[in-house]
Amino acid sequence: MCDARVKMSSVVFFVMLLVAAAVSGGPAWKDQSVQRGGGIKLGGGGGDQTAGSSSSGTQRGSGLRLGVGTRGSTRTTTTTAAPDDEEQIQTPSAPTAYGLPRLHVGMVVPYKSFGTREYTKAVTSAKYALQRKFPMLFKKYDLHVHIVMKEMTPSPTAILKSLCQEFLSFNVSAILYLMNYEQYGRSTASAQYFLQLAGYLGIPVIAWNADNSGLERRASQSSLQLQLAPSLEHQTAAMLSILERYKWHQFSVVTSLIAGHDDFIQAVRERVSAMQDRFKFTILNAVLVAKNGDLAALVDSEARVMLLYCTREEAIDILTAARDFKLTGENYVWVVTQSVIENPLQAPNQFPIGMLGVHFDTSSSSLVNEITTAIKVYAYGVEDYTNDPKNHGRSLNTQLSCEGAGAARWDTGDRFYKYLRNVSVEADTGKPNVEFTQDGVLRASELKIMNLRPGVSKQLVWEEIGAWKSWQREGLDIKDIVWPGNSHTPPQGVPEKFHLKITFLEEPPYINLAPPDPVTGKCTMDRGVLCRVATDKEIKEVDMSQAHRNESFYQCCSGFCIDLLEKFSEELGFTYELVRVEDGRWGTNTNGKWNGLIADLVNRKTDMVMTSLMINSEREAVVDFSVPFMETGIAIVVAKRTGIISPTAFLEPFDAASWMLVGIVAIQAATFMIFLFEWLSPSGFDMKLSLNQNTPSASHRFSLFRTYWLVWAVLFQAAVHVDSPRGFTARFMTNVWAMFAVVFLAIYTANLAAFMITREEYFEFSGVDDSRLSRPFSHKPLIKFGTIPWSHTDSTISKYFKEMHNYMSKYNKTTVVKGVDAVLTGEMDAFIYDGTVLDYLTAQDEDCRLLTVGSWYAMTGYGLAFPRNSKYIKMFNKKMLDFRENGDLERLRRYWMTGTCKPGAREVKTSDPLALEQFLSAFLLLMAGILLAALLLLLEQLYFKYVRKHLAKTDRGGCCALISLSMGKSLTFRGAVFEAQDILRNHRCRDPICDTHLWKVKRELDISQMRCKQLEKELESHGLKPPPACKRQRPPRRPTCLTACLGPPHSPDVIVSGEQARARLRGLASDNVGSTDDLKQRTEIAEMETVL
């Protein structure tokens, strides 16, 4: 018992401290000077005043006195059993008329003299209506409603004592809190305290209080509260529905320090976000007014629609200050909340005519009607609670006490609150049922739309012009409105239109020029807007209707900047005239004097410059720039030129080190290893050097050169005759080399195609600071490049690269298009200008020959330029940031910066026939082969003429045959004979063609023998004795004419050497000089010598 009392006392003391601090200040626009009554009178004391009596002096009545003492009756209680009886006092322990358990409900209503009977009548009628709806409920329980009337600003102690003595002592299971005070000061704080304290005790509260918008939402949501009055969210939704109806997209929010002002701003933002898909709102400002000067923030704003949330007294001062700042009138609309209207029957004269507001009825009659709704909500909740079997045995008596006799919090309250929150109570015809959200806020609400207009006696009155119903999709219904300034047409909701003179200089894709229609003098949709290109002097004496048709005076401007200007004009509401700068220059400072676009701004000849004007420090010193709408820098454009294939293109698949490894190491190693294995192999040379017939290697057709031939043939997979080694090891090594050749050729062939194509050549500069550009005379041949004079690029280069600027001045072009064309035609090697412009022109090149190279230099951006201290720059900056945030700038960039140069279009050209330069390296390789073959022929001639004789004398052992078999055999006639004998001995024909050729050779041999015999007869006829027959070692063989003529051999194995045979033939020829037949014989002898 003691613990509970200590706990309760500490909690009460802590809560009183918090609320006393909150109530003491009073967050109003102005301090309240009227002193109210003392609220609910609790406890004992002196005096004999009874309920309903008035206090003396200037104070209002003290209300119904409550508590124990000598002051008379303490409360009013209504029961179900005696609806027409007089008010009676009952205690919780007293039995009811029918002996049923009691259900106690507390009800707090505003103090009203002689109003007790009216409240009691409303409660009684509600209970009898519920008896017909829920007869079983009233057979189980006897419903008691304890009515307590409360003044506007009771003290925290009075509120606490009221809860302890008038509600907790009777175990109330819910409190009906219905108040229509709208002072939003101490009254709102006291309501907040009462609701929070009830929620802490665990007692659900069904509230209907007109100042509910002033309650802190977080505190309200944490309590066990159901709110029957329209919430702050409902008011903001109704206000934004008005803006949506009249297409007012942008507005500002103005609040005072009224309780709940942060919640109002947050509710507006949440509603704007929820409506974003169907209607786009923009909150321009959120102004918190603590003093009159705070409204100055709206003076420079574009806002023409203001949402105002404050008290009525604060609204008087705010709207008076607004009139002084010229923020009222026919172009300004003020939409206010319920707290500003209060009493619609009269309005302060300081309010401007045409104001709009949202309102719900807070009169006493409306409050009395809400008593029935509140009791119905309670009864429905009790019915659902008692019918749920889970709640069997759970009492709705709180058993709480401030004296320590009970619990500190009613644990069942949270459970009972959920049943109350989930009720669905029938409403009037045409309205949805009374239901609540999870936060305890009324789900469906109806608000009146009010319009401030002059009354009959010229007194301003709020007149209802429509209604907003949250449950309808088109929930707003509005009649005729008197608009600000007594106008009959709604304001535009945007600043009044103003006119701007805008200067430009064309540059694709930001501004393109095209002639207008020659008949109408207007621009079509795709050609943009009409802009003047003539000077002021030229246009003075010209008929404007004729000038519009003349492209010398007016042309059509289109492009990125024009589309952006149209968006600005639509959003900000201004008209404009586009005029081309007279001198056609961008604007540079020459000898302290500005020219071009910057000069027009400095001299205030124009209101704004809109084109691709780059921002730099010099220009910013004399004009004001907006935030950049695109980033850029100085870039370089070059053209790709088709070159020839490199003469060494067939070598480029591998680098020099790879070729050296293959040619010097791999080929040589394989050749020597195969030959070495063959020379060492027993089935090969077996380390023999002789070519004699009786040696095993005499008929072996293999040598070092033939090994080279084998290696090269295998490497390139050539279909030629090769001699294979006999040794097993050498053959295995040959197969290993063949595997290497397959891998090598596969890699080589796969990469060759990439190098046997025409190369595209271009100057690959690293940037403007590349040494070939910054120091042009250091590179030979000289590179030709330029830019546009009097531009940002030109001034930047002249500032940081003087040598470069002096050199390139002779190549400069007047327009960027001419500069790019010069690069394409080869007149210039490179063109330097703004990066984004060059990127666009590169993308527009159909042949895709243009290319931007290097990194951008001197990064900056394009911006709108204004004269110094222009009043328009703030609004343009804000809109520019909005366009960047919502993606409008990015969409414009993607639309205008695309071109016709696409990679897919270039792929079609790959099927064209190959040109000569695409395989020129093959012809160069063939030419190099022919020259090398001629060199080898020369070496062969030198070998046979000078070298072979010496080798024949020194090479007796046949060592040369190991290097080259043909060379070794050519040194002696014996080798040739052995080769012929080997052919005849081992030749076996395998097909008829071979037999035919063999027969022809034999036939020619027979003819030659017959001719030899004929020659012998002719010699005898001339008195010459034929030579004697040659002696042969092998008698079975028949001697031939050739051997008989050439004389005896010098070796038993060899008939005669080639040199000896040629000497005998020359001797025969010298003996028969002079006769006619001698010439014929000498010719035949020469032919035989050639054969030998």
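Leaving aside residues up to four places away in sequence, Ser 366 touches Trp 208 and Asp 361. The model examined here is predicted. Ser 366 is found in helix H11, which spans residues 364-387. Its relative accessibility is 12%, so Ser 366 counts as buried. A polar atom of the Ser 366 side chain lies 3.1 Å from the backbone oxygen of Asp 361.

The largest nonpolar core has 110 residues. H11 gives the most to this core, with 11 residues. Within the core, Ile 175 and Phe 251 have the most contacts. The neighbours of Phe 251, not counting residues up to four places away in sequence, include Leu 240, Leu 243, Val 268 and Val 272. Phe 281, Ile 283, Leu 284, Val 305 and Leu 307 are also among the residues that Phe 251 touches. So are the polar residues Thr 282 and Asn 285. Another core, of 84 residues, lies apart from the largest one. Among its members are Cys 531, Cys 557, Ile 832 and Leu 892.

Aromatic pairing was searched across the whole structure, and 42 pairs were found. One of them joins Phe 264 and Tyr 309. These rings are stacked, at 4.8 Å centre to centre and with 20° between the planes. Phe 264 belongs to helix H8 (residues 261-274) and Tyr 309 to strand S9 (residues 305-309), so the pair ties together parts that are 45 residues apart in sequence. Both Phe 264 and Tyr 309 are buried.

Tyr 510 has a relative accessibility of 0% and so counts as buried. Tyr 862 is likewise buried, with a relative accessible area of 0%.

Ring pairs also build a cluster. Phe 498, Phe 568, Phe 574, Tyr 576, Phe 866, Tyr 872, Phe 876 and Phe 883 are linked in this way. The charged end of Lys 567 sits over the Phe 883 ring, 5.3 Å from its centre.

How values were computed: Residues are numbered from 1 along each chain as its sequence is written. This is a predicted model: local features need pLDDT of at least 70, side-chain atom pairs count only at pLDDT 80 or more; totals for chains, interfaces and linings use all residues. Side-chain values use heavy atoms; hydrogens and water are left out. Rings of Phe, Tyr and Trp (its six-membered ring) pair if their centres lie within 6.5 Å; planes under 30 degrees apart count as stacked, over 60 as edge-to-face and the rest as tilted. Helices (H or I, at least four residues) and strands (E, at least two) are DSSP runs, numbered from the N terminus. Buried means under 20% relative accessible area, exposed over 50%, partly exposed in between (1.4 Å probe, protein chains only). A charge sits over a ring if NZ of Lys or CZ of Arg is within 6 Å of the ring centre and within 35 degrees of the ring normal. A polar contact is a pair of N or O atoms within 3.5 Å; within protein, one must be able to donate a hydrogen and the other to accept it, and residues adjacent in sequence count only if both atoms are side-chain atoms. Contact means heavy atoms within 4.5 Å. A nonpolar core is a set of buried Ala, Val, Leu, Ile, Met, Phe, Trp, Tyr and Cys residues joined through side-chain atoms within 4.5 Å.
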